[in-house]
Amino acid sequence: MDISEVARKSGVAASALRYYERKGLIRSLESAGARRKFSPAVLDQLALIALGQAAGFSLDEIRAMFTPGGEPNIDRAMLAAKADELERMVKRLKAMIEGLRHAAACPAPSHAACPSFQRLLKAASAGALEKRQRQLAPSGRKP
């Protein structure tokens with residue numbers, strides 16, 4: 001398939017396909033002329049890339065999910081770690097939802113006087129600080 005057909009069938013823009021190729025996520029076959037040609041298996045690779053991105057994996061992490069030949073080779077420990085991370089995120093989001101719902105219906109005269117809203121503020125600021133520390137930490141190491 002040429003790049004336009006892959007783009008049409010996958011819904012991935014040709015520019016993204018070229019970027020994925022540069023990043024080593026997909027490979028084109030020998031091109032005839034100026035147009036890239038891809039194996040039909042690239043559609044499955046693109047589906048895995050989309051799934052990985054939806055789960056929050058980086059493109060580098062997704063690239064590690066493929067063999068050099070483009071076959072899936074997914075590290076189960078990496079999947080389990082991502083599932084744990086998403087589970088923690090869901091718990092934080094549920095707590096945030098509950099706090100916001102309480103703040104919206106709180107009978108206190110102001111949010112500043114509401115102990116539950118104050119806890120929500122402290123949790124949010126602690127989460128922001130933790131996120132900032134993770135961003136500043138050297139790659140591969142946690143603070």
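Residues 24 or more positions apart account for 42% of the contacts in the chain with a separation of 6 or more, a contact being heavy atoms within 4.5 Å. The model is predicted: local features need pLDDT of at least 70, side-chain atom pairs count only at pLDDT 80 or more, and totals for chains, interfaces and linings use all residues. Residues are numbered from 1 along each chain as its sequence is written, and side-chain values use heavy atoms, with hydrogens and water left out.

**Whole chain.** Show the chain as a cartoon. It has six helices and two strands, in the order α-α-β-β-α-α-α-α along the sequence. Helices (H or I, at least four residues) and strands (E, at least two) are DSSP runs, numbered from the N terminus. Of the 143 residues in the chain, 22% are buried. Buried means under 20% relative accessible area, exposed over 50%, and partly exposed in between (1.4 Å probe, protein chains only).

**Helix α3.** Select residues 42–54. This helix has 13 residues and reaches 18 Å from its first C-alpha to its last, close to the 18 Å expected at 1.5 Å a residue; the expected span is 1.5 Å times one less than the number of residues. Now pick out Val42, Gln45, Leu46, Leu48, Ile49 and Gly52, the buried residues of α3. Seen down the axis of α3, these fall within an arc of 160°, so they line one face of the helix. The arc is that of the directions from the helix axis to the C-beta atoms. Turn to the face away from the buried side to find the exposed residues Asp44, Leu51 and Ala54. After α3 comes Gly56, whose phi is positive, near 95°.

**α1 against α3.** Keep these two helices in view. They pack at an angle of about 50°, with their axes 11 Å apart. Axes are lines fitted to C-alpha atoms, for helices over the stretch in contact, and angles run from 0 to 180 degrees between N-to-C directions. α1 and α3 are therefore oblique to each other; angles under 35 degrees count as roughly parallel, over 145 as roughly antiparallel, 65 to 115 as roughly perpendicular and the rest as oblique. Show the side chains of Val6, Lys9 and Ser10 in α1, which meet Val42, Leu43 and Leu46 in α3.

**Tyr20.** Finish in helix α2, where Tyr20 lies. Tyr20 is buried, with a relative accessible area of 10%. Its contacts, not counting residues up to four places away in sequence, include Leu46 and Ile49.
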